[in-house]
Amino acid sequence: MFGLINLNKPKGLTSRDAVNRVQWLVRQAEGEGGRLAPKKTSSRVGHAGTLDPIATGVLVVCLGPATRLIEHVQRQPKRYRGTFLLGRRSPSDDVELEAELLADPPVPTVADIAAALPAFVGQIEQVPPAYSAIKIKGQKAYDLARKGQRVEIAPRPVTIHGIDIVRYDYPELVLGIRCGSGAYIRALGRDLAESLGTAAVMSELVRTAIGEFHVDDAISVQDLSEDILGGVVLPAEWAAPDLPRVELSAGQVVELRHGRPVDRPVAGDPPEIVLMTPDGDFFGLGKIGRAGKLWPVRVFDVAKERE
């Protein structure tokens with residue numbers, strides 16, 4: 001199988017658990033006697049953008065050779081709806097660990113919150129939570145934190161495209177957040193609350209979209225089955241919707257498959273180009289390189305891989 005699945009991850013399940021479920025179904029479908037047939041195939045399955053167990057929503061799963069496109073999915077802008085409880089804090093910045101209530105914390109108004117938001121929009125410096133998968137000297141931060149060790153993570157730049165107040169009824173604050181890759185939403189809530197003289201923990205998180213993959217169109221893990229698996233696999237080229245797309249000639253396909261460049265097919269200097277065959281099938285990615293020619297970056301020959 002070659003393509004993407006827009007999966008709606010439920011609460012309480014890790015991203016790896018969700019991927020394992022898909023991988024098991026792919027192996028059943030692609031195995032000997034399976035409905036999707038080839039007897040000898042790769043059942044590589046991966047995901048783009050980890051969601052914590054507390055979080056739900058869009059998890060884009062890449063199948064087979066499309067796992068080589070994970071980084072392109074991860075680059076796409078993300079949308080979240082985060083719910084925060086003000087006036088409390090926890091070591092994990094969410095309700096996964098027991099939250100401590102602050103003594104007589106301030107109660108910010110909607111106007112106070114709205115006035116504080118602009119400072120968190122644009123490229124900002126963010127310190128990831130101590131309970132995160134960030135590696136420190138080869139070890140994950142949450143492993144160190146669980147052992148009671150002091151965790152110090154350097155701030156890193158992240159991009160926040162916008163924040164909207166969806167609902168506010170103290171202590172509950174719901175925000176709509178648009179951001180780039182690498183941003184921690186629970187850290188954003190933590191820092192926003194701190195700027196208001198209080199603290200906050202994230203109680204819910206929904207990833208509502210990654211690029212053009214929307215939660216309203218996603219299939220739940222519970223509804224996914226071998227019978228419908230083939231019908232929910234999306235085209236692999238959806239991994240890079242922001243790149244220009246060109247249709248190659250049959251001769252160009254042959255040249256690029258053998259690592260040889262062809263004449264430039266587009267104007268300008270795009271970072272990469274989505275390559276399609278004369279039949280409209282996804283062939284791979286290319287870029288403008290030496291001598292202004294189009295060179296292959298990553299090409300796929302799915303039929304060959306399935307032989």
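How many of the 11 residues of helix H5 are buried? I started my notebook with that one, keeping in mind that this is a predicted model.

**Entry 1: helix H5**
I looked up H5, residues 185-195, and found it mostly covered, with nine of its 11 residues buried. The buried ones include Ile185, Leu188, Leu192 and Ala193. I noticed that Arg186, Arg190 and Asp191 are on the buried list too. Next I checked what these buried residues pack against: helix H3 (110-116) is there, along with strands E4 (78-86), E7 (122-126), E10 (156-169), E11 (172-179) and E12 (200-210).

**Entry 2: after the helix**
I moved on to glycine 197, which follows H5 and has a positive phi, near 80 degrees. Then I went to threonine 198, which sits in the loop between H5 and E12. Is threonine 198 buried or exposed? Its relative accessible area is 7%, and the cut-off for buried is under 20%, so threonine 198 counts as buried. I also looked at its contacts: skipping residues up to four places away in sequence, threonine 198 touches Gly87, Leu102, Pro105, Pro106 and Ala193. Gly87 turned up again, as the threonine 198 side chain reaches the backbone nitrogen of glycine 87 at 3.5 Å.

**Entry 3: valine 246**
My last stop was valine 246, in strand E15 (residues 245-247). I noted that valine 246 is buried, at 10% relative accessibility. Which residues does valine 246 contact, leaving aside neighbours within four places in sequence? I found Pro265, Val266, Ile273, Val274, Leu275 and Met276. I also checked leucine 224: it is 22 residues from valine 246 in sequence, and their C-alpha atoms are 33 Å apart in space.

Note on methods: Residues numbered from 1 in each chain as written. Predicted model: local features only at pLDDT ≥ 70, side-chain atom pairs only at ≥ 80, totals over all residues. Heavy atoms only, no water. Buried < 20%, exposed > 50% of the residue type's maximum accessible area, 1.4 Å probe, protein only. Helix = DSSP H or I, 4+ residues; strand = E, 2+ residues; numbered from the N terminus. Contact = heavy atoms within 4.5 Å. Polar contact = N/O pair within 3.5 Å; in protein donor to acceptor, adjacent residues only side chain to side chain.
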